[in-house]
Amino acid sequence: DQSKPVEPEGKAAAAQKVKIGVYFATWWALNVVFNIYNKKVLNAFPYPWLTSTLSLACGSLMMLVSWTTRIAEAPKTDLDFWKALFPVAVAHTIGHVAATVSMSKVAVSFTHIIKSGEPAFSVLVSRFLLGESFPVPVYLSLLPIIGGCALAAVTELNFNMTGFMGAMISNLAFVFRNIFSKKGMKGKSVSGMNYYACLSMLSLLILTPFAIAVEGPKMWAAGWQTAISQIGPQFVWWVAAQSVFYHLYNQVSYMSLDEISPLTFSIGNTMKRISVIVSSIIIFHTPVQPINALGAAIAVAGTFIYSQAKQ
Ligand code: 3PG
């Protein structure tokens, strides 16, 4: 009966779906812009520890300004909150730096192909460290994910071990970050947006001394001068864009994580990688061989099979 009014619950569920859809689309679009500017910056200025620090610093500053001007309401936090946030921040810092180091060494598309294997890491961590077990189809779905990533890696024209390991470490770190985050956000009055803001600030504190130790102001000053002389003053805008978009896409992703399960989150994240892989190959004219693209396609398809098996 078409004239039947939509049930209020049906309406609420439909509105929720639209909201998540808008979050996802915004998250992916912001992420594509971040990845492009991040790589443009890294090509001219290969100091991933500094660019990672700047993106966290920029997000922290944006949120502090939003809180003081009351654009956003500051969260009420206590010591327990920050203690629980600490392991999340450690995982976020490691995952962020490792991905950025990876992208400084290899094509953006390659980093994201390897990062599409994140669900496999999630299953392995849950199985071996948390003792969770899954139905057989879930384990079987790992075969195309791992096989596809492996095929893409061995046929990658510009393979680099640091680039590969960075993406792998990032996968592992982000699995922990997502598990701890969802636990930390549960039953707390802090919204997804503010939770991510606090996470940025704590990660910034953790990362800064390491960035200084690994790279340091001397290298940064010399590299900065070279970049400005090669690119011109707009290089500063590239750095600003990668920092602002890094914060924005993560903020939106956390606003989604607030409303969905970690599983749906990681599926959304893998779908996001398709847009990043395709757009970065076009923009940076990344050479791709058919066998290499096949590996990437198998890995991404494996993630969809995994999501079906997990449901
Ligand atoms: C980073 O720098 O943190 C990574 O580029 C982000 O990886 P993600 O695509 O998993 O958010």
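The model is predicted. Helices α3 and α4 pack with axes that come within 7 Å. The ligand shell draws its largest share of residues from α3. Arg70 and His285 each have a positive phi without being glycine.

**Helix pair α3 and α4**

- Helix α3 spans residues 79-105, and helix α4 spans residues 108-115.
- Two packed helices are described by the angle between their axes and the distance between the axes.
- Here the axes come within 7 Å and cross at roughly 140°.
- The two helices are therefore oblique to each other; an angle has to be over 145 degrees to count as roughly antiparallel.
- The crossing of α3 and α4 is right-handed.
- On the α3 side, the contact is made by Ala99, Ser102 and Met103.
- On the α4 side, these residues meet Val108, Thr111 and Lys115.
- By class, this contact has 3 nonpolar, 2 polar and 1 charged residues.

**Burial of α4**

- Helix α4 is mostly covered, with 8 of its 8 residues buried.
- The buried residues include Val108, Thr111 and Lys115, which also take part in the contact with α3.
- Ser109, Phe110, His112, Ile113 and Ile114 are buried as well.

**Ligand shell**

- Gly95, His96, Ala99, Thr100, Lys115, Phe174 and Asn269 surround the ligand.
- Helix α3 supplies 4 residues of this shell, the largest share.
- By class, the shell has 2 nonpolar, 4 polar and 1 charged residues.
- Lys115 is a buried residue of α4.

- Most residues other than glycine have a negative phi.
- Arg70 has a positive phi of about 65°.
- Arg70 sits in the loop between α2 (48-68) and α3.
- Arg70 counts as exposed because it has 8 C-beta neighbours inside 10 Å, and the limit for exposed is 12 or fewer.
- His285 also has a positive phi, near 50°.
- The loop that holds His285 lies between α11 (262-283) and α12 (290-310).
- His285 has 9 C-beta neighbours inside 10 Å, so this residue counts as exposed.

Technical notes:
Residues are numbered from 1 along each chain as its sequence is written. This is a predicted model: local features need pLDDT of at least 70, side-chain atom pairs count only at pLDDT 80 or more; totals for chains, interfaces and linings use all residues. Axes are lines fitted to C-alpha atoms, for helices over the stretch in contact, and angles run from 0 to 180 degrees between N-to-C directions. Angles under 35 degrees count as roughly parallel, over 145 as roughly antiparallel, 65 to 115 as roughly perpendicular and the rest as oblique. A crossing is left-handed if the near helix is turned anticlockwise from the far one by less than a right angle, and right-handed if clockwise. Two residues are in contact if their C-beta atoms, placed from the backbone, lie within 7 Å. Ala, Val, Leu, Ile, Met, Phe, Trp, Tyr, Cys and Pro count as nonpolar, Asp, Glu, Lys and Arg as charged, and the others, Gly among them, as polar. A residue is near a molecule or strand if its C-beta atom, placed from the backbone, lies within 6 Å of it. A residue is buried if 20 or more other C-beta atoms lie within 10 Å of its own, exposed if 12 or fewer, and partly exposed in between; C-beta atoms are placed from the backbone.
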